[in-house]
Structures are given as C-alpha cells and as structure tokens.
Amino acid sequence: MKAAIVEQRGIEPIYGDFDAPKESEGNVIVDVTASALSNLTKMRAMGRHYSASQIFPNVAGTDGVGIVNGKRVYFLATNAPYGTLAEKTLVNQKLIIPLPDGIDDVTAAAIANPGMSSWAALVSRAHFEAGQTVLINGATGTAGSLAVKIAYHLGAKKVIVTGRNAEKLSKLGADKAIAFDMTVADGTNQFTFDLADTFEAGVDVVLDYLWGDSALAIMTAVAKFGGHNVTRFVSIGASAGQADIALPSAVLRSSAIEILGSGVKSATMSELMSAINGVFQWAAKENIQMKTNNFSLSEIEKAWKAPLSPRAVVTVK
C-alpha cells in the first residue's frame with residue numbers, strides 16, 4: 001500500500017510503499033479517507049513525543065477518518081508500526097467512533113484533535129460546570145479558537161481570551177480579550193497586572209495552550225489577585241516553545257490554584273473518546289466549519305512543511 005513512511009527517528013516522512021496490515025484479534029482494518037497533520041502527529045511520528053512508539057520504520061499519523069464495513073468512522077491510536085497516513089491501517093476495534101451525518105470526512109479529521117483538547121480539559125480534567133468563567137491562554141490558534149466556541153457550548157457564563165495578537169483576539173467573540181505585554185517591572189510581568197481585574201472577579205478554569213512566561217504570569221495573577229476563589233489551571237500544550245518554567249512555591253502556597261494537565265495519558269482513553277464524540281455531535285448539529293489546507297497522500301512531504309494553521313489535512317481517497 002502507499003503510505004507516508006518515517007524511516008528513522010527525527011526524519012520527516014516520505015511517500016512510498018509499505019506492507020499492508022493484516023487483521024488480527026480485536027483489531028480491524030480501516031480504509032483511510034482523511035487524516036490531519038497536528039503538532040502531536042508530527043512529534044509522535046518522529047519519536048519526539050512522550051507517547052510515541054519507537055518502532056522504525058513506521059507510518060506517520062495519529063488519528064483519522066475512514067471506512068469500516070461500509071460505514072464512516074473516526075479512529076485513533078493505531079497499532080504500530082501502522083499510522084493513519086496510508087491507504088489502510090490497523091486499529092483496535094474499541095477505538096472507533098461512528099461519524100454522524102452532517103460532518104464531512106475532512107472536517108471530522110481536522111476538528112477531532114483540537115476540539116478534543118478543550119472538551120476533555122474542561123469536562124474530564126477541570127470538571128467544568130455550566131455558569132463558570134473560563135480563561136483561554138493562546139486562543140488565536142486552531143485549538144484555542146475552537147475552545148472559545150466549545151466553552152460557550154458547554155455553558156460558560158464568561159470567556160476571556162489571551163494571546164499575543166490583539167486584532168485576532170478581538171475577533172473570537174469572547175467576553176473579554178487581553179493581549180500580552182510581557183514587559184518585566186519589579187520582577188513581575190506586566191501581563192500579571194493586566195489580569196488583576198479578571199482574577200479579582202473570579203476565574204474558575206484556565207485552559208493554557210502556551211506554557212512559558214505567559215502561563216507563569218497567569219499563575220502569579222491567581223496568587224496575587226484570585227483571593228479564595230479556586231482556579232483550576234489546565235496545561236494542554238506548550239506552543240510558546242518553552243518547555244520549562246521556574247514556578248515559585250509561594251504561588252501554590254498563597255493561592256487556591258489547582259494545576260492539572262490534559263493529554264494522552266492524563267485523561268483516560270474513554271474520556272478522550274467521549275470528548276471527541278461530543279465534538280462531532282456538536283459540530284454536526286451546529287454545522288461547525290473549519291478552514292483546512294488539503295493535500296493528497298502523495299504530497300506528504302509538502303504537507304509536512306505546511307503551517308499548522310489552517311489545519312493541513314491529507315486526503316487518501
């Protein structure tokens with residue numbers, strides 16, 4: 001079969017021939033139709049993510065859409081060395097979700113991962129309740145902008161968005177937008193003080209897609225201005241490129257902050273599957289559309305280098 005093949009760790013995939021999978025007990029063969037290229041997909045394929053298989057060569061791709069027994073499905077967590085960027089793949093039969101009418105294959109492939117990121121973080125990790133206030137840090141990206149819509153769909157009373165681009169933030173439809181000013185004065189980021197009124201009013205959940213200095217500024221704002229309001233800070237990604245921060249213990253001791261992670265291992269597989277199904281049902285009912293950059297499988301090398309936004313989707317058939 002044709003596939004996007006990663007020959008060794010750290011090497012980008014190439015288009016070529018790979019042995020087709022054979023059905024085995026508990027697993028089914030999926031005829032792939034579409035698969036999105038998320039940052040997670042790229043890092044896992046090249047062995048740079050904590051959840052990555054170290055089997056090489058392998059077929060790239062983390063999740064996708066395809067056909068099983070004549071029915072459209074979404075699937076994830078393929079059996080190594082098979083990935084989703086191929087004509088066929090091998091998937092545990094328990095890791096398949098039927099696709100509802102009203103959502104096409106490309107949209108389903110594109111929305112599943114970014115939509116799940118906030119849905120799982122809110123529902124399974126933060127135990128969000130309707131009527132609460134949500135702050136989304138890094139809201140101008142694909143996942144962050146979807147998070148705004150999902151937070152409102154799940155019943156948020158108020159949504160605040162933060163990020164570097166004031167113009168993009170203003171177009172997200174949130175109640176309040178705060179652009180970064182990371183100037184340091186007296187040892188504290190200006191961004192922390194810009195958040196004073198926000199945390200004095202109370203923030204129940206922070207969804208953080210960036211990490212780094214902005215995340216630290218938000219945690220510091222919780223400690224300085226949050227009072228006794230419990231704020232659950234959920235780390236979803238590290239798009240700012242800073243893997244580590246120096247978190248003073250005083251931030252934890254002087255605040256009601258709860259720091260959580262949301263990802264492949266911090267949320268259970270059943271929680272992730274439930275989140276993705278929720279995203280599909282919502283997207284189908286509300287006719288949610290996503291701008292995508294579409295490539296054929298034979299264009300994988302070009303697709304791999306495409307920007308993450310709009311989401312690149314590889315179509316197979």
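Reader: Which residues does serine 124 touch, not counting residues up to four places away in sequence?
Author: Serine 124 touches Trp119 and Glu271 with those sequence neighbours left out. Contact here means heavy atoms within 4.5 Å. Before going on: this is a predicted model, in which local features need pLDDT of at least 70, side-chain atom pairs count only at pLDDT 80 or more, and totals for chains, interfaces and linings use all residues. Residues are numbered from 1 along each chain as its sequence is written, and side-chain values use heavy atoms, with hydrogens and water left out.

Reader: Is serine 124 buried or exposed?
Author: Serine 124 counts as buried because its relative accessibility is 13%. The cut-offs are under 20% relative accessible area for buried, over 50% for exposed, and partly exposed in between, with a 1.4 Å probe and protein chains only.

Reader: And where is serine 124 found?
Author: In helix α2. Helices (H or I, at least four residues) and strands (E, at least two) are DSSP runs, numbered from the N terminus.

Reader: How many residues line the largest pocket?
Author: The lining has 49 residues, and Asn39, Tyr209, Ile236, Gly237 and Ser239 lie nearest the centre. A lining residue has an atom within 4 Å of a point. Two or more lining residues come from each of α1 (39-45), β6 (71-76), α2 (105-125), α3 (142-153) and α9 (269-286). The largest share, five residues, is from α2.

Reader: What kinds of residues are in the lining of the largest pocket?
Author: There are 22 nonpolar, 22 polar and five charged. Ala, Val, Leu, Ile, Met, Phe, Trp, Tyr, Cys and Pro count as nonpolar, Asp, Glu, Lys and Arg as charged, and the others, Gly among them, as polar.

Reader: What about the second largest pocket, how much space lies in it?
Author: About 430 Å³. Of its 15 lining residues, Thr140, Gly141, Thr142, Ser145 and Ser309 are the closest to the centre. Helix α3 gives the largest share of this lining, four residues. By type, the lining divides into four nonpolar, six polar and five charged.

Reader: You listed Thr142. What does threonine 142 touch?
Author: Beyond residues up to four places away in sequence, threonine 142 touches Pro114, Met290, Leu308, Ser309 and Arg311. Threonine 142 lies in helix α3 and is buried, with a relative accessible area of 15%.

Reader: Switching to strands. What is the order in the open sheet of six strands?
Author: The order is β11-β10-β9-β14-β15-β16, with parallel pairing. Two strands pair if DSSP finds at least two bridges between them. At the edges, β11 (176-179) and β16 (257-261) each pair on one side only.

Reader: How many bridges join β14 to β15?
Author: Four bridges join β14 (residues 205-208) to β15 (residues 231-235). For valine 206, the bridge partner in β15 is phenylalanine 233.

Reader: Last one: where is valine 222?
Author: Valine 222 is in helix α7 (residues 212-225). With a relative accessible area of 2%, valine 222 is buried.

Definitions and conventions:
On a 1 Å grid over the protein atoms alone, a cavity is a set of points where a 1.4 Å probe fits but cannot get out, and a pocket is an open set with protein on both sides within 12 Å along at least five of seven lines; lining residues have an atom within 4 Å of a point. Grid points are joined across faces, edges and corners, and a volume is the space filled by probe spheres set on the points.
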